[in-house]
Amino acid sequence: MPNPFKPTAGKMPPILIGRQSIIDDFKEGLENGAGAPGRLMLITGQRRYGKTVMLTELGRVAKAAGWEVISETASEGMCDRLASALVRPGMKLRGVNVQPSIGVPGILNASLGGASFSVDQIALTLREVVNQRLAKMPRGKGIVFTIDEAQAASMADMVALATTIQHVIRDEDMRDVSDSDKHGVAFVFAALPSLMDELLHERVLTFLRRSVQHDLGLVAYPDVRSAYIEVVREGGLAIDFEVAELAAEASDGYPYMIQLVGYYMWRAAEVRGSKEIEEADVIQGKKDALVLFDDAVCVPLFDGLTAAQKLFVKAVAKEVPQPAKVSEIASRAHRSASWVSKYRASLIKERVVESAGYGLVWLSAPHLAEYVQSLR
């Protein structure tokens, strides 16, 4: 029997545990016509919290509703690529007839990629392409753009995109049809929270602050337990309530660990030739999962910190499982109170540590403390 748990990054899991409210908001946005809030959405969360999976699922929902979906990962030239994805043979773009024999990327690069073109011109070109595509779509339908890693987008691209959104919506508003019959555009952005904060404070990107915002967090244990029971039984094995509870606790509610623990406990049962996942399989599954979790989450997270931030994190990790007292971190790190205050703020901004009460902090990522302690 194939293992139903898929821990690979971006791979659709069997159940989007604890994320139904996001899907419902998006569905309502598509169904409720022009101006519906769910048509502009910002999904934030740390790496391995399932942002890419959510974009994939929302794209699937949009296609099922008859909308076209354009997916991109933000990087330099994002608007060029979005426009390129929308251009079809025979479409006229800024006076150029795009024929099948002519490479679209070449035309777009000539139109948009040169240094002589302004952000306004980029926005105008993307607006033209979007409007031409919308004009050929059934009434009430439109285009959904999903943008992953939005924090990596250039400011020029984000400004051009904001301008495009504003004008395309205005162009549709000028059509003498009901809101339900108007063509629509929807944008769903996924980003790391700390880096996205900087974009949200840009004056020209106020449209992002008006978006429906969802911050992906840990999944509640009861939801994880129920999902384990459902997925395992549908996959053809058995698991009882208590073992599923143990597996949920082993995952710590961390989305990536949910998939890893599920994958490895299933494999452990198969190695035994058993049709039922038992407590020993969960214990082995967690042990195997932590090896991959460290490599995929803890190592890059810790290695990406500055030397001073690492020193702070090591001081916090000494107290696990109890939260660390901010007043004691200075003595452990042999640094001043102002140093502690500075790096506490920077690590909270990057979601590496979080407040655990007045004068207390602990590490946000599950198992990061154990990994840091193993470095001694």
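# Reading helices, a sheet and ring pairs

Colleague: I'm starting at the end of a helix. Which residue follows α1, and is its phi positive or negative?

Modeller: Helices here are DSSP runs of H or I with at least four residues, and strands are runs of E with at least two, numbered from the N terminus. α1 is followed by Gly33, and the phi of Gly33 is positive, near 85°. Keep in mind that this is a predicted model, where local features need pLDDT of at least 70 and side-chain atom pairs need 80 or more, while totals for chains, interfaces and linings use all residues. Residues are numbered from 1 along each chain as its sequence is written, and side-chain values use heavy atoms, leaving out hydrogens and water.

Colleague: Which residues of α1 are buried?

Modeller: Buried means under 20% relative accessible area, exposed over 50%, and partly exposed in between, with a 1.4 Å probe and protein chains only. In α1, that picks out Ile22, Ile23, Phe26, Gly29 and Leu30. Looking down the axis of α1, these buried residues fall within an arc of 120° (taken from the directions from the axis to the C-beta atoms), so they line one face of the helix.

Colleague: And what do the buried residues of α1 pack against?

Modeller: Contact means heavy atoms within 4.5 Å. By that test, the partners are helix α2 (51-64) plus strands β1 (40-44), β5 (142-148), β6 (184-191) and β7 (212-215). The helix α1 lies across β1, β5, β6 and β7, and runs at about 165° to β1. Such angles go from 0 to 180 degrees between N-to-C directions of lines fitted to C-alpha atoms, for helices over the stretch in contact.

Colleague: In what order do the strands sit in the sheet?

Modeller: Two strands pair if DSSP finds at least two bridges between them. Here, 5 strands make an open sheet with parallel pairing, in the order β2-β5-β6-β1-β7. The edges are β2 (68-73) and β7, each pairing on one side only. On average, neighbouring strands of this sheet are turned by 15° against each other, direction ignored. Take β2 and β5: they pair in the parallel sense over 6 bridges, and Val69 has Val144 in β5 as its bridge partner.

Colleague: How many aromatic pairs are there?

Modeller: Phe, Tyr and Trp rings (the six-membered one for Trp) pair if their centres lie within 6.5 Å; planes under 30 degrees apart are stacked, over 60 edge-to-face, the rest tilted. The structure holds 10 such pairs. One of them is stacked: Phe145 and Phe187, 4.7 Å centre to centre with 10° between the planes. Phe145 belongs to β5 and Phe187 to β6, so this pair ties together parts 42 residues apart in sequence. Both Phe145 and Phe187 are buried.

Colleague: Is the pair of Phe302 and Tyr371 stacked or edge-to-face?

Modeller: The ring centres of Phe302 and Tyr371 are 6.3 Å apart and the planes stand at 75°, so that pair is edge-to-face. It joins distant parts of the chain, 69 residues apart: Phe302 sits in α12 (residues 279-303) and Tyr371 in α16 (residues 368-374). Phe302 counts as buried at 5% relative accessibility, and Tyr371 is buried at 12%.
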